[in-house]
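This report goes through selected salt bridges, a strand pairing and a surface patch. The structure comes first, and the account follows it.

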Amino acid sequence: LLVIDGPALPGESPQTGPLLAGFGSPWPGPAQVSAGPDVSALSLRATIPERAGIGRLIAPLGQGPLGRWDRANELVLDIPQEVFASQSDIAALAGTGALLVEAGGSWELIGYRDAELIGVGQYRLTHLLRGLQGTVPAAAEPGAICVKLDNRLVLGGILPGETGVELSWSAVAAGLESDLIQSVYSGVSTRPFSPVHLRVRQGVDLLSLSWVRRGIEVNDSWPDFEAPNTGLFYVDIYRGSDIVFTETTQLAHLEVSFAAQPGDVVHVGEIASTGQRGLPAQHLL
């Protein structure tokens, strides 16, 4: 059983709750997944109807770029009973065959264009798309878990007040029971995306900032009208580990009267209606 505090699914409204994936060889049949604050208070949260495509990296994955093809890195994985095939640019850009890869304590959603069979149940995936659905491109070591993103993953229910709380998760199928998993759902799927195209222009004691909002509900179809570039954003300026300036704005630009120093770092991110702060775009002054 895997409990994944991952991104919102492509084409879906932000879901509340983790994604659940199960694997067994042989697969014992539909698995009933329960969770609760401790083993004596478990309640049914979901049913996993079939095993998921779960594997592991067998070669390191480097940190890649966001918003363009990653031609330098490759996903080399061992993933039993799964099949991957090369696909067109359009299919890759549409998210076909994307995988969740665990790295740095979080999950990155990665797409690919080219697939090569290199052994029994082993593939090399190249021409990658990194950081899909607001995730963060990160390096991963051999042994990192990979999960194929498809309809075999199900949503695990979260009750009011359980976000940010450690829960115990268990799966039972055909008389078999998974190990008890301790997991904290932090709401990654509802977290605002980091902005893009952060531009900083420096004058004498003046910073002019501008950026572009991203989000699962933002239309990314070129022929259609662009979504309004507004919201609620935070602007923090760090000097070392200290915040020396902070401001919020509803517009995607801000002029700051501020005497910047070399090495200061500008963080700009979006704040959700719940008050949850999204990951920031960063600029080194």
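## Partly exposed charged pairs

At 42% relative accessibility, Glu116 falls in the partly exposed class, a class lying between buried, which is under 20% relative accessible area, and exposed, which is over 50% (1.4 Å probe, protein chains only). The model is a predicted one, in which local features need pLDDT of at least 70 and side-chain atom pairs count only at pLDDT 80 or more, while totals for chains, interfaces and linings use all residues. Residues are numbered from 1 along each chain as its sequence is written, and side-chain values use heavy atoms, with hydrogens and water left out.

Glu116 takes part in a salt bridge with Arg124, and the closest N and O atoms of this pair are 3.2 Å apart; the term requires a side-chain nitrogen of Lys or Arg within 4 Å of a carboxyl oxygen of Asp or Glu. Arg124 is itself partly exposed, with a relative accessible area of 25%. Another salt bridge joins the side chains of Arg113 and Asp114, at 3.1 Å from N to O. Arg113 is partly exposed at 22% relative accessible area, and Asp114 is also partly exposed, with a value of 22%.

## A buried pair and a network

By this rule, the count comes to 14 salt bridges. One of them is formed by Arg45 and Glu162, whose closest N and O atoms are 2.9 Å apart. This pair links distant parts of the chain, 117 residues apart, with Arg45 in strand β4 and Glu162 in the loop between β12 (154-155) and β13 (166-173); strands here are DSSP runs (E, at least two residues), numbered from the N terminus. Both Arg45 and Glu162 are buried.

Salt bridges also link Arg51, Glu82, Lys148, Asp150 and Arg152 in a network.

## The β3–β4 hairpin

Strand β4 (residues 43-48) pairs with strand β3 (residues 31-36) in the antiparallel sense over 5 bridges, where pairing requires that DSSP finds at least two bridges between the strands. A hairpin of 6 residues joins β3 to β4, and Ser34 has Leu44 in β4 as its bridge partner.

## A nonpolar surface patch

Val39, Leu42 and Leu180 make a nonpolar surface patch of about 240 Å². Patch residues have over 30% relative accessible area and no salt bridge, with like charges joined within 9 Å and nonpolar side chains (Val, Leu, Ile, Met, Phe, Trp, Tyr) within 5 Å; accessible areas come from the Shrake-Rupley method with a 1.4 Å probe, and for residues only the protein chains shown count as cover. Leu180 lies in the loop between β14 (176-177) and β15 (181-184), and at 40% relative accessibility Leu180 counts as partly exposed.

Conventions:
Helix = DSSP H or I, 4+ residues; strand = E, 2+ residues; numbered from the N terminus.
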